[in-house]
Every structure is written in C-alpha cells, then in structure tokens.
Protein chains: 4
Amino acid sequence: MKKYRVGILGATGTVGQRFVQLLENHPQFEVTALAASDRSAGKPFSQACAWKLAGAMPDYVKEIVVQPIEPPLDCELVFSSLPSGVARETEEAFARAGYAVISNSSSYRMDEDVPLLIPEINSQHLGLIEIQQRKRGFGKGFIITNPNCAVVSFAPPLAALDRKFGVESVFVTTLQAISGAGYPGVSSFDITDNVLPYIAGEEPKVEIESQKILGRFNGETIDKANFTVSAQCFRVHVIDGHTASVRVKLRRTSTLENVFEAMKSFPSLNLYSSPKHFIDVCDEPSRPQPRLDRDTGKGMTITVGRLFPDNIFDYRFVSLSHNTVRGAAGAAVLNAELLIDKGFLK
Amino acid sequence: MKKYRVGILGATGTVGQRFVQLLENHPQFEVTALAASDRSAGKPFSQACAWKLAGAMPDYVKEIVVQPIEPPLDCELVFSSLPSGVARETEEAFARAGYAVISNSSSYRMDEDVPLLIPEINSQHLGLIEIQQRKRGFGKGFIITNPNCAVVSFAPPLAALDRKFGVESVFVTTLQAISGAGYPGVSSFDITDNVLPYIAGEEPKVEIESQKILGRFNGETIDKANFTVSAQCFRVHVIDGHTASVRVKLRRTSTLENVFEAMKSFPSLNLYSSPKHFIDVCDEPSRPQPRLDRDTGKGMTITVGRLFPDNIFDYRFVSLSHNTVRGAAGAAVLNAELLIDKGFLK
Amino acid sequence: MKKYRVGILGATGTVGQRFVQLLENHPQFEVTALAASDRSAGKPFSQACAWKLAGAMPDYVKEIVVQPIEPPLDCELVFSSLPSGVARETEEAFARAGYAVISNSSSYRMDEDVPLLIPEINSQHLGLIEIQQRKRGFGKGFIITNPNCAVVSFAPPLAALDRKFGVESVFVTTLQAISGAGYPGVSSFDITDNVLPYIAGEEPKVEIESQKILGRFNGETIDKANFTVSAQCFRVHVIDGHTASVRVKLRRTSTLENVFEAMKSFPSLNLYSSPKHFIDVCDEPSRPQPRLDRDTGKGMTITVGRLFPDNIFDYRFVSLSHNTVRGAAGAAVLNAELLIDKGFLK
Amino acid sequence: MKKYRVGILGATGTVGQRFVQLLENHPQFEVTALAASDRSAGKPFSQACAWKLAGAMPDYVKEIVVQPIEPPLDCELVFSSLPSGVARETEEAFARAGYAVISNSSSYRMDEDVPLLIPEINSQHLGLIEIQQRKRGFGKGFIITNPNCAVVSFAPPLAALDRKFGVESVFVTTLQAISGAGYPGVSSFDITDNVLPYIAGEEPKVEIESQKILGRFNGETIDKANFTVSAQCFRVHVIDGHTASVRVKLRRTSTLENVFEAMKSFPSLNLYSSPKHFIDVCDEPSRPQPRLDRDTGKGMTITVGRLFPDNIFDYRFVSLSHNTVRGAAGAAVLNAELLIDKGFLK
C-alpha cells in the first residue's frame, strides 16, 4: 500500500502530539516533516517538544528536525493544528503551494467552499473541494476541516435523529475537558474545586457548525440543516472527554426504541481509524462517563446514554466524545483516510 | 432577645455539622440537644463526630452528649437532616410530640400540607401549618421543609422571572458538588478526572419541587405554578456549590435590561441569616464560579451570570448556590428565623 | 503451550478487575473460575461486577458465573485479592486443597515460610515453598505473595543499590494513589484539594517488608537484609501510581555514575509480563510523574528520577510504580509466570 | 492608634491580592498606594486586577488607581511581592528612597545584612537593620524579608526543638500547594491526577534558609544554626497549604512528651495578626490535612501531627502551614506589625 508523506503543522502543541501518536505505525501515512514556531525550528523534535501525553514520545519522531511553518515541506499533505491567529494565512499558503491541508483549526470551518467533515455523516461534502480549487485559484492543493471538539460530542447522535425523524430544535449544555484548551491552557488555580461557565468563542461555534455538518451538498454549496441549536458551554475538571447534555425536538417523533435504534445503527465506515461502532448507546443509568468511556473505539466512538423521553422536547440524552482524538487529531486523520478512499489524494 | 432551645437530628452528618457551625453564636437559637444514630448516642459530640468541615469543631458542642433520635429532647424545635429512610417516621414522631420540625430531608417536601419554603419567595405557604396540624392531629408541633439543594440553585431567578413575566418552560442542566452526596458520599475513584451523569432520584425532584415552591397558597392548598421543568443532573468535581445552566421561556417576554433588573431587585428579607442581596447578577463573562462565588452573602446569596437572550427560548443564564448552606443547613436556619418572625414559635 | 486454568478470588474488587484485564489473551493462563462474596455468587460476572477500570469489561468473563470463595474451584491455581480479614483462612483452605495460591493480600507476607516475591530480585526465595508444604502439611498446594504496593515503588532501586554497594539506612516518604484503597475507598470529600498524612497500617508494612524482600534464602529461612527503613506514608490526589521520595545511606559509597548505572542495568527477566526495563532511570528534572510514567512497560517498569547526591545521606531519588499493576495484580501474574518458569506448576 | 500608610508592590498578583485582603480593616495599616506592572498602571484596581481569591474584591481598593512600581509612592512602607527578576533592583530603589520595604520576594533573603524573619523565632535579627542602613548607605529606608513558603511549613517546630534539644540533621519532603506557583502558575494539565517531583530552585532554598532563620544575631551578622537540612520538594494537587514530612536528629534527645510539649508551648506573640497558638500539635492520627487545617489561626498557625519516635533519627512528624498567608502575605504583615512593636517605624 502506498504510504503518503505527511507533515504536521504545529507539531509541538498538544494536538500536534496527538497527531504524532496516532500516525505512529499508520499503514497509509508516514510523517516526513514536522513544523513548529520559530523558537522550535532547527531543533530535533525530541528537544523542541515537551511531551505531555501519557506514554513516552514515539521514537520515530525524535530525530526529525523541526522546520518553520511555511511551504515547501517534504510531504504531500499536511495536518494543521495551528492556533486561529496564524492558521488562516498559513493554511492558504500551503493549499496554494499544492498541499492537501487537513485542518483542525477553526479558521476555515464556516467558509462556504470548505468541507467541514465528519466522514460518517457528510462525506458528500468533499464535492466542495473542486469548487474551492476553482474559486480560490488553488492548483491541486485544497483545505478540508473537522469540527470544533464540542460539536463532535453531540453532532453524531443528532445526525442519526435528523436522518430518520428530522430535528427541529436542540438545547445542548457542554461539560468540556481541560485538554480542549491546549497547553498550558487552563490554570490549575481556575479549575480545581471549580467549574468555568465560559469558554471564549465556544457557544457561537457550537451553535452554527452543526447546521453546516448536517447540511446537504447541492452541487455548489451546502444547504444548511434546518434546525436551531442553543448552546451553553462549561469547562469542568476532566482531562479528556467532552460531555454534552442534550434535549432535542424532532419533526416526526417516534418511540424510544426507534430513537435508540436510529443512533445505534448509524453506520461506521471501513477506514483504518474507523471504530467498530460510530455511536455506542449504553443502558447503564450512570454512563457515559469521560474517564470510563472516552477511549471506546480507541477514542473514535461517540458514547450516548441516559436516553429518555423529555417532558418539554421529545428526547433527552447525554453524549460523550474524546475531544483530542475524535474531536481533533483523530478526526483529521480520519478525514485524510477518507480523502484517500474517495480518490482525492493521488 | 429570647433564645430558642434547638436540637439537631442527625448532628454528626455533613449537614448536621453545618447546623452546628451556623448556629454558633446565633442570636435567636441555642443548641441544647444533639441526636444521632445509636452508634454515636451516649458519647460527647467531640468523640461521636468526625468533623469534616474546614476549621475546627466549635467548642460549644464538644461536651454535649449525643442522644438517640427520638423524643423527648431538651429543646423547643429540631433541625432535621436525617436520611430519607428514617426521616419520615422520626420527623412525624417529633411533630406529634409537640416540636417544630424544620427539616432538610426530602420525605415531606411534596406532601400537600407541608410547606416547602424559600422565605424570600413563598413565606405565605406557612399558612399550611395550621391545616397540617388539624389534618394530622398534631398539637402545637408541625413540619416545614426546605427544597432539594439543586432546585435552590435556580428557583430564585425563576421566581423573579415568574413574578414579572410568567414562566412557561424551563430547561435546566445542573453541575452539582460532591458535598451534596454527604460523607463518605462520592468515591474519589468515581469523580476524579470525571463527570457523573446520574444522581439517583435527583432529576424528578428538580422537575417537581419548583412548581410547588413558586405556587400560590389558596387558603387550603398550594396551586402549583403553571410551568414545566426539564432537568438533567450531573455530579462534577467541585466540593461545594451547585451550578445550573438554564434556558427559560417566558409568557410575556421583555428586554434584557428588565430581566436583569427583575432578578437583581428581587428583595431579600430582614432575617438574621438573610444576605444583603438574595440574587446577585454579575456582568463578568466568566462568572459565577463555584469556588469564587459560593460564599457570597455567607453562602446565602444566589449568584446569576451569563444572562443573555437565547436563540430558541427567551433567555439563558447560569445560576449558582452554596448547596450545603443556602441549599441545606442555611436554608433550614433561615426557615426557623422566618417562623419566629411570623409568630409561629412562641 | 499449555494453558493453566486459573481462578480469581475476590474477582469483583478493583484488583480482581485488574486480574481479569491482565489475563485476557494471556498465553499461559485461562480464567476458568471467578469467586466473590456471597452477594455476587450465582450471578454472571457481567451482573455481579460494577466495572471500574477504563475501557469496557472484557467479553471473555461476562458469562462466567461467579462462585463462592471456597474450594473446590475448577482451576489449578488461584490469584487472590481478598481483603485481609478473610484472606488468611481462605487462602490456607485453598493451599490445603492443593491449589497454588498467588496472593496479593497482606496476610502471609511476613510468615517465615512464605515467599514475598519480586521475581527480578529474589526468585531464589521460591525455595521456601518446599519448606512451607512440609511444615504446614500442605500437599501440592502452597502460598506465595507479592509485596505491599508502596514497598514496590522503591524496593527495586534499593535492591540495585544493595547488591552493588550495600544499603545501611533508608528514609522514604510515599505519595500514594487513591486506587490503593480499593473501591469505594477514599471519599472524594477527603482527598479533593487535600493530602492525607495517614494510611492505616501502611508505615510499619513499608518498614519491614523490604528487609525480607532483599533478604537471602539460606536453605531454610530468609536472612533479612541488614538495613533500617523509616517510612512516612501519604495519600495524594492521584488515580494510579505511587511515588516515593527516598534518601539512602550506603555501606560503600560510589560515584553518581555508578549508582545511576547500578539501577539502570539491573536486569529484567524473560517472562511474558516482564517489561523491557525493570528500572528506568530518567534524566529530565521533572520526572517521574504518575500520570505520564506509570504506564511505562505496561505498568511493570519502575521509573526513577531526580537521582542526586544527598547532603546528609549518600543519595536521594524519586521512584514511581503503578500500584495496581506492578504493585498488585501485575505482580501476582508475574509471580505465577515465574512459578511456571521455575517448574513449580506442573 | 496611628495608621501607617502602606503601598503594595505587585498588587495585582496572587500574593498582592492576599495583601489587599489581609489589610482590609487592619487597625495599624491603611493601603494608600497600589503598584503593578506598566500594563496595569493608570487603571483603577477593579479594572487592573483579575481577582482570584474566594470572596469578592474588597470595596476599599476598587477605586485606587494603580501606579508604576517605582518611588515615590504615597505611603510610608511598602509590601513587596515582586517576581524575583525585578525585585532586587526595585526593592533597593524603594529602600534608598526612604521606605521600609517588607518583602516576600527571595531576592534579599540570604543577604548577610537583611533579616529573614519569623517574628516568633528571631525578632532579634531586626538588629541587622541598622547595619544594613550603614553598609548600603540607606537613609531611614531598609529591607526585611520573610522566608520561602515551604520553609515556613517546618521551621517553627524545628525552632522549638532546636531551642530545647539542639537539632543536628533534618530530612524534609514537602508536598506543596499550587497557589505557591502564583497565577496562572501550574497548568491543570500538569497537576490533575498527578504529582510533580520538581519545583525549580526550591530544594536549595529550603536547605539553606532555615539555618539563617534559626541562627543567632551576634551584633554584626547572623551565626547560622549548626544543622544540615536535606529537602525533596513536590507539587501536589492542593489549592492552599504546604505539608512537610520531617525526620529530625537531635543533639540531646528527649521523651516524646517533652518534644510534644516543646512544640506546643512555643510562645506566640501579641501582635495583631498573631494566632492564639503559634504551633498547634494535634493527636488525631489523620491530621494535619491542608483543607481542614490550613485556616487554623486565620492561616497563621502551624499545625503539627503524627509526631512519633523515628527508627533511624530521633523523631518524625508532619507539619502544615498556609503558604499564601503564614508563608507569604500574612508573614509580611506580621513582620510589619513587629517593626511597629519594636519601634522601627516612626
């Protein structure tokens, strides 16, 4: 099998480290370039990067010399986990220089011609790539994105419901992990014995991204899904795993059994990083829990529980995803696998 | 000023300890009896009780010998923090024996003839006492209760809105502190790096109690408030302080300024434990936070923040109260002060 | 390869669950019996056990019906993680009935004729088995034990030093994880924003066990190692991983390089669960850390860091081990593998 | 009583905020100047400072306009909590300009002519002030300091022992709170479910400061106390309160009762911030604990427990102090009260 040569932009950050971890021994990708800020450039990765994930830094990256974040890099595609401030300009530069840019940043997510992908839900949005290349004058390069990590915690069960019953309104309250803020991120002084009711910029992102994700590609653009989301976002004292408390109003309501089944049977894909179950619906009253369930399907499964009829809307449930795997680096890797599968990488 | 002689039922538990702490140097009450389970009875309180609150056990209780939880006790009124299992029978025994029972237990909260009080909101519900005494054949004894600690975190702003604009529907997601589960309560193994999406029996309590609290006393019973509450309840890693994420649909909507004002101007009372502000509405985007705001008004103020128009319902906000003070022992003490003020204790 | 049929005594507890997890797909063992308290007996394991480890309960145990903790069980050897109260009598019953008992309990650790094993350090102590069988009138059954989890965090580097330079005195202060207390174990109310300076019975265990572990088998008994240990034991807010702060006085002091080398080169074994490195000595000033290093060698490696000359004794260092793997279930599994390797299981 | 006009250097930091809190309603001091970095200067304190302590920012400072950190300031003495980088130069500038500088920084602590004070232990070191003024050509200005917060957790019981029995050697392992690192300080990602075995620069400070603190002023300089300290310092997941695990070798050993009594009877002073007991020695086996005991004596009492004979040295004990009160701002305020009491402020 051909191995694609990949670069990681922002390789020393926490999401960058997840990329390094997830791409070790990946059958389709080989990391050939690591790029990070000027302070790191020129050093071997083992010196440039303060490794923060459990387990040791993989040997395969230790000797790779970190390069500045600008084209050219010795690779065919780049995974980007750049901070919003620099992502927009830099990612465009790479796309313009002919690279496939698989971005975890928020910069391009809501651009009309940029796919915002959850492969199990909206792979047909890849049709935007051709439009994007034409409109922006890119050659073979292009940009695709994955959603905000909080959106990922509840968009999959929502998609399952929308497909079968139509979704009209959604209230979501998120309980988000500290790893979502990167490193050093949240001060221990702020989160110990505490809850933070505010994550800058998060609530609007959560409210708008899911309409695009669940939208339909009409051949030119995405027709946004026709529902409204109201989001309140909290930071809680959890290392990994975003939990969402959800109520949903359906257009055509149904029995609890059918709703349960709609989620449980929503198909996974056959990509390398695809979990066996895209959505796992559990019966135990006290699940899902971040520490116990975030690693289900190697962090790529969404776990749903506490699915009950609601006394105002139709249903309520609790949904969980691993924010730095399914909600960030793992999402981008899955997107890249989808690109190969659909023939977008030659 | 006359000092009423009070007993504490369940004095060695965490709420019992809060009673001991709050009643130290109280101008209207003097603790003259401490009652706890058979295991503790007969020992001085200093030996019977493993003190768990910050700061030392107050000297005044150290030598009091713990008694069994049954009448008679040397006092005029009793504060009860008995576990649900034994509360119903025991509290009735005390009421029948002529004691005013100020209960923090859930046993009688939803009984038709028992006041479920938040003094600032529904002191007129005290009218039920006479009906209760007649109906149950109590002599001068009676039972009053305070609400579930989670309900207290959002019922006050709800009352402010209901009074001015009418409330139609409420979605609430609670993020509750570990102290709400008593001691030993939540295992550290369950809550560290975790969120628990289930608190046994909590969601139904939260959904029904607020309708009674905001109801009107019609001379015989309480006409329940005419709105619906949908609750999802989570345990988070916070020691004290329940946070509520709330969306509310009003019957007559209004401007943000008026809504803000309705909450802020909701009057406090002039009782000894009354805070200066019943509801404190803050502007800072990152507040309220349990660790920083739970002690406002010595734990008796409700702090509201993040008050914004919602894009499905009318308004959203975050509300916080100290669950073992305003949501438990402090609530009961305030109820007792109200009894004196309204002439129910002679 | 022959697969030995094994039973787990106390299978539903936290250490029992670790046994279930570590024995899944083990090439030498097949779990054929699960035993737990009367409350659990008769139920399939999936119902009897509230699974508390990250990841799902392995499928292979779900249908096994839990049995009472008494012989006979359908197996050749038993792993025991019984609480001290019942371990002594029950483990003897199994040994007397012909089972090899590999115990994680403290009951027999200090018995003169019972091996207290860390395979890399004292496998020659297996010579006690024959003496034990003779003395106690066991047939082919016998009991072996692994050390207290806190001892394991520093005994390996101590053994490395003792072998090369002789150890005279050791000060150790342990910072122990909550999982060491089982489930529900430590109340979240006690450990959040806190340190507990007392673990019942722990300091004496830590002070005496290492002398036996590092002792020499003289053909009849163990000649205890000739050094003194002073231990202070703390519980800290960590899920897994015991950290030890150690100062050591040597009989023949040496250079830092030689001390470093003595630890680093201490050989691991070739058993199935043996880690590549028994002791890993790291250079980074901020390591070892429980969250980052406890899983090194799948939880079977001891990580040492901050090795420096001391200004009162000879050397100081910090040592870390995974308390429920290397310090409990993993230790017992390694002991069983050693039994096979040395021909004690037929 | 005369109120001295005081300034706070570094007023917006966490220790600066403690100063603001402790000086509210202080009978001897009135805060008349707040100084902070250029970014804050010119703004009212309520805008310049993100208040991080529990409870609201005191009203009395809200309108004070923050000034640059340089003389002149409208006050007679300054409390300094400047970071080490800038403290040395700035504090000298204030002293030279005639201000009494009461510093919490480490810059001058080990300077031969600068008192390193714990008032209960070494108030005679104030004799250095005159020498300092002469040597450095200061006019009426001068600098005094308080010790590193970790040293304060065990120096008081050490002083009690040294005075009565002579101390020869001390092993101390500290378990330090996150507030010791300031704000934002320790990343939540680093300390959650973790212990950090390294605090930059801390171990040497702990090893040398206590010898100066317990030294004797000989009329010209301090004769350092004649004992050796070996320190290992850890950061643990506690908000406030440093715990020390201590073993001590005495020159003249004594009974446990006498050692207990030596600590317990060590006298407190009669200054405004003096606690009733300087050292509180507790019997309960599970104390001291940071969350339960740090606020004893309003955070100014040192709590000792687990005092037992050691099996290598003479005694072992656990000692606790509130690191941002007794170990920082409270220490400096007490030092200032001592200056008044001893006539050093006119």
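**Close-up views of chain B**

**View 1. Where chain B touches chain C.** In this predicted model, the contact draws 15 residues from chain B and 15 residues from chain C. Sorted by class, the chain B side that touches chain C holds seven nonpolar, six polar and two charged residues.

**View 2. Helix H1 of chain B passes helix H13 of chain B.** Here we turn to H1(B), residues 14-22, and H13(B), residues 325-341, whose axes come within 9 Å and cross at roughly 50°. H1(B) is therefore oblique to H13(B). The crossing of H1(B) past H13(B) is right-handed.

**View 3. The residues that join H1(B) and H13(B).** From H1(B), look for Val15(B), Arg18(B), Phe19(B) and Leu22(B); on the H13(B) side they meet Val325(B), Ala328(B), Ala329(B), Gly330(B) and Val333(B). Taken by class, this contact of H1(B) with H13(B) comprises seven nonpolar residues, one polar and one charged.

**View 4. Helix H8 of chain B is mostly covered**. H8(B) spans residues 155-165, and eight of its eleven residues are buried.

How values were computed: Residues numbered from 1 in each chain as written. Chains lettered and ligands numbered in written order. Predicted model: local features only at pLDDT ≥ 70, side-chain atom pairs only at ≥ 80, totals over all residues. Buried ≥ 20, exposed ≤ 12 C-beta atoms within 10 Å, placed from the backbone. Helix = DSSP H or I, 4+ residues; strand = E, 2+ residues; numbered from the N terminus. Axes fitted to C-alpha atoms, helices over the stretch in contact; angles between N-to-C directions. Parallel < 35°, antiparallel > 145°, perpendicular 65-115°, else oblique. Left-handed = near helix turned anticlockwise from the far one by under 90°. Contact = placed C-beta atoms within 7 Å. Nonpolar A, V, L, I, M, F, W, Y, C, P; charged D, E, K, R; others polar.
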